[in-house]
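Visitor: Hi, I have just opened this one and have never looked at it before. Could you walk me through it?

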Amino acid sequence: MSELHVGDRVELLGPLGRGFTVADTACAKLLVGGGIGLVPLFLLAEALIAKGHKVRLLMGGRSRDDILAVTEFERLGVETYVSTDDGSLGEAGIVTRVLERKLDKYPCAEVYACGPMPMLAAVEQVCATRNVPLQVSLEAHMACGVGACLGCVVKGAGHSDQAPNYLCTCKEGPVFDAKELDWGRAVATGAGCPEGGCR
Ligand code: FES
């Protein structure tokens, strides 16, 4: 794409996969993101605000470099909370600590998250403990985008060697209900699923 010129023609295939599903409930909408994971949350925040919802975004990262577009979110009307591991921006500490405080305040909540896998796993643990619905948007290297190359698979809930359950991030995701994924076995993208393919 960097070699394209103005007026060049390109072929696009899409839209592909599944996006976030927004429940029209009165429960608090809490978005959790870090790094490039904040980008899809911007579109979600726009959609939620267009439907009249109040949106709170918890932004986490190792340092200030992982925190993007605070001003853009705030211009939309999103209430933002920043935390960094090294304290270089916002509150010092991990984003799940902020999430726990928000869930103490808003026990009726829906959480939407996108970011690095360790962050998503920590968010999943908090939400599962409190029985709060969580949707996660996974990041994966994708080649075909249509479920053919199997380069983007993750382990689904109930996966075992005897009963494999692989899901294609491109086709069945990239947004999953957290309950669809196998968190106990450390969801890993790009594992490949040679037998049987994806569901
Ligand atoms: S990118 Fe090829 S199966 Fe997902």
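Visitor: How many residues of domain 1 are in contact with domain 2, and how many of domain 2 with domain 1?

Guide: Please keep in mind that this is a predicted model. In it, 9 residues of domain 1 are in contact with 9 residues of domain 2. The domain assignment places domain 1 at 28-137 and domain 2 at 140-199, and their C-alpha centres lie 24 Å apart.

Visitor: OK, and which residues touch the most other members in the largest nonpolar core?

Guide: Those are Val 32, Leu 99, Val 111 and Val 136, in a core of 27 residues. The elements that give two or more residues to this core are strand S1 (28-33), helix H3 (95-105), strand S5 (109-114), helix H4 (117-130) and strand S6 (134-137), and H4 gives the most, with 5 residues. Because domain 1 and domain 2 both give residues to this core, it lies between them.

Visitor: What does Leu 99 touch?

Guide: Leaving aside residues up to four places away in sequence, Leu 99 touches Leu 30, Val 32, Leu 58, Val 111, Val 123, Val 126 and Cys 127.

Visitor: Changing topic: what volume does the largest pocket have?

Guide: The largest pocket has a volume of about 320 Å³. It is lined by 14 residues, and the closest to its centre are Gly 61, Arg 62, Asp 85, Pro 116 and Met 119. Strand S2 (55-61), H3 and H4 are the elements that give two or more residues to this lining, with H4 giving the most, 3 residues. By class, the lining of the largest pocket divides into 6 nonpolar, 5 polar and 3 charged residues.

Visitor: And which residues line the second largest pocket?

Guide: Its lining is made up of Gly 19, Phe 20, Ile 36, Gly 37, Pro 40, Leu 43, Cys 114, Ser 137, Leu 138, Glu 139, Pro 174 and Val 175. Of these, 8 are nonpolar, 3 polar and 1 charged, and the volume of this second largest pocket is about 190 Å³.

Visitor: What about phi, then: is the value at Asn 131 positive or negative?

Guide: Phi of Asn 131 is positive, near 60°, and this residue sits in the loop between H4 and S6. Leu 150, in the loop between S6 and S7, likewise has a positive phi, near 65°.

Visitor: Is Asn 131 buried or exposed?

Guide: Asn 131 is exposed, because its relative accessible area is 62% and the cut-off for exposed is over 50%.

Visitor: Last one: where is His 159 found, and is it buried or exposed?

Guide: His 159 is found in the loop between strand S7 (153-155) and strand S8 (166-168). His 159 counts as buried because its relative accessibility is 6%, and buried means under 20%.

Notes. Residues are numbered from 1 along each chain as its sequence is written. This is a predicted model: local features need pLDDT of at least 70, side-chain atom pairs count only at pLDDT 80 or more; totals for chains, interfaces and linings use all residues. Side-chain values use heavy atoms; hydrogens and water are left out. A nonpolar core is a set of buried Ala, Val, Leu, Ile, Met, Phe, Trp, Tyr and Cys residues joined through side-chain atoms within 4.5 Å. Buried means under 20% relative accessible area, exposed over 50%, partly exposed in between (1.4 Å probe, protein chains only). Helices (H or I, at least four residues) and strands (E, at least two) are DSSP runs, numbered from the N terminus. Domain bounds come from an automatic or database domain assignment. Contact means heavy atoms within 4.5 Å. On a 1 Å grid over the protein atoms alone, a cavity is a set of points where a 1.4 Å probe fits but cannot get out, and a pocket is an open set with protein on both sides within 12 Å along at least five of seven lines; lining residues have an atom within 4 Å of a point. Grid points are joined across faces, edges and corners, and a volume is the space filled by probe spheres set on the points. Ala, Val, Leu, Ile, Met, Phe, Trp, Tyr, Cys and Pro count as nonpolar, Asp, Glu, Lys and Arg as charged, and the others, Gly among them, as polar.
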